[in-house]
Amino acid sequence: MKQLLLLLSILVLPLCSKAQTLTGQAPARVTVDETFRVSYTIDTQDAENFCIGQIPADIEVIYGPSKSMSTSTQISNGQTTTSQSTTYTYVLKARRAGSIVLPAAHVTVDGQDIASNTLYITIDPADSNQPTGNGQSAGSSQTSTKTAARGDELFITAMTDKATITIGDSLSLTIKLYTNCTVSSFEAKKRLQIDGCYYKELSAPQIRLTQEHYRGKTYNTCTIATYTLVPLRKGAITIPGVSYDFNVTTPANVNADSFDAFFSGNSRISEMRRTAEAPSLKITVK
């Protein structure tokens, strides 16, 4: 009987481990004209075909969906555990007061469609007594408890200095990192390739983190790559999305005293490898 139970547990365990959940997260309340973050996370890196239902007309999509993948390794008392996840993120803005429903998002994992939970958000009227970002005096802080970036946020953007260009002219492509994590190193996942365009990466910039207010939140940011592009033909040219790997280190227990943790044998270090992607861009060549 014991051998039978053991055999059944061995057979059932792999089936249980394959169950996946796509979890949506969003603030319960926001105000009109406030940017906010909506994310969908699943504990695998094999997710494909992410899509979401119709976003309400009163919601403006500022950015997204951006895709990031992370691999987390924790070492505790000599035991190592590794977990992987994929997160899809939107930055949205509410246009008018009311209540909205964000429909379920979907991904495909091993051929199976997985739906997220539905998200409900209440949009409050903007407080006319509160200064807006454009009305603040120089030197005043633009960070609030509602717009402070979470400590685990990391994403990249790709921007050109021109959307329309004449053939033979040049333009710049800049890749920037925005994060509140501790990044120890990074590298491009694949070499940039652009059809119909000559391009050259400039010398690697010196990494200097500065604070920047972006989409309603404050991040540490730096330029990680800059390219010069020269179109070789007229028409629309697509600059493919770029992808970078980042090594992120964090203490697994931020409340533990490092000296006591080390000598008590409870020291825990979390090492994470995260992948961030920026969507493709299009330029028009005349």
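Tutor: One definition comes before the rest. Two strands count as paired if DSSP finds at least two bridges between them. Keep in mind that this is a predicted model.

Now the sheet. β18 and β21, which covers residues 281–285, are joined by five bridges. The two run antiparallel. In general, strands of a sheet pair through backbone hydrogen bonds, either parallel or antiparallel.

The sheet has three strands, in the order β12-β21-β18. It is open, and its pairing is mixed. β12 (164–165) and β18 (235–239) are the edge strands. Each has a single partner strand, so one side of each has no neighbour in the sheet.

Next, the cavity. The structure holds one cavity of 30 Å³ or more. The space in the largest cavity is about 150 Å³. Its lining is made of 15 residues. Arg37, Ser66, Thr89, Leu154 and Phe155 lie nearest the centre.

Which strands supply this lining? At least two residues come from each of β5 (59–76), β6 (79–94), β11 (154–160) and β20 (268–278). β5 gives the most, with four residues.

Key: Residues numbered from 1 in each chain as written. Predicted model: local features only at pLDDT ≥ 70, side-chain atom pairs only at ≥ 80, totals over all residues. Heavy atoms only, no water. 1 Å grid on protein atoms, 1.4 Å probe; cavity = no way out; pocket = protein on both sides within 12 Å on 5 of 7 lines; lining within 4 Å. Points joined across faces, edges and corners; volume = space filled by probe spheres on them.
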